[in-house]
Amino acid sequence: MGSRPRSWPLAGAGAGPLCRRAYGDLRLPIDVAAEDGEVWVRLRMQGRHTGPFVRYREGRLDQAVPPTGREIDCEQIHGLALREGRVVGHEAVRDDVTMLRQLGVFPPSPAVAPRMAAWKVSGRAARAAEEVTRRAAEAASSV
């Protein structure tokens, strides 16, 4: 398994501290399998969207979704390559389309689209992204 460039800040990926802030009552039921230095984790990401969800692409803010109060339930599969007890590679397959559909973002729902536009125009999206980036840096430095 090779390593790929990250499109989100390290601490903002997966179920890190930022997802925990975006989704109240975050639940991650998992199944794990391992063989010959590889570990596969299948999980469901479940919770209520109660905080800003910020997505980055190539290190830049791509989208900031204001809290919708909607429930999410989507699947992810992660493959980890281990060498000498350390993770040396990570690949992930996430069902982001289902999550964005459940949030009303893709396709934009009549309830969510105007709120996202207002967030962007008012500068709240940029401020949310700055806060998320700051918290990601704090979380990464504490590891």
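Q: Which residue is the bridge partner of Leu43 in strand 6?
A: Gln76 is the bridge partner of Leu43 there. A caveat before going on: this is a predicted model, where local features need pLDDT of at least 70, side-chain atom pairs count only at pLDDT 80 or more, and totals for chains, interfaces and linings use all residues. Residues are numbered from 1 along each chain as its sequence is written, and side-chain values use heavy atoms, with hydrogens and water left out.

Q: How many bridges are there between strand 3 and strand 6?
A: Eleven, in the antiparallel sense. Strands here are DSSP runs of E with at least two residues, helices are runs of H or I with at least four, and both are numbered from the N terminus. Two strands pair if DSSP finds at least two bridges between them.

Q: And what stands opposite Ile30 in strand 3?
A: Leu43 does. Strand 2 (residues 30–35) pairs with strand 3 over six bridges, also antiparallel. Their hairpin has two residues between the strands, and Asp36 in the hairpin has a positive phi near 45°.

Q: Where is Asp25, and is it buried or exposed?
A: Asp25 is in strand 1. Its relative accessibility is 57%, so it counts as exposed; the cut-offs are under 20% relative accessible area for buried, over 50% for exposed and partly exposed in between, with a 1.4 Å probe and protein chains only. Phi of Asp25 is positive, near 55°.

Q: Switching to helices. Which residues of helix 2 are buried?
A: Thr98, Met99, Leu100, Gln102 and Leu103. They pack against strands 1, 3, 4, 5 and 6, where contact means heavy atoms within 4.5 Å. Gly104 follows helix 2 with a positive phi near 85°.

Q: Which peptide bond is cis?
A: The one joining Phe106 and Pro107, with omega about -10°. Pro107 is in the loop between helix 2 and helix 3.

Q: What is the angle between helix 3 and helix 4?
A: About 80°, with the axes 4 Å apart. The axes are lines fitted to C-alpha atoms, for helices over the stretch in contact, and angles run from 0 to 180 degrees between N-to-C directions. The two helices are therefore roughly perpendicular, a label for 65 to 115 degrees; under 35 is roughly parallel, over 145 roughly antiparallel and the rest oblique.

Q: Which residues meet there?
A: Trp119, Lys120 and Ser122 of helix 3 meet Arg124, Ala125, Arg127 and Ala128 of helix 4.
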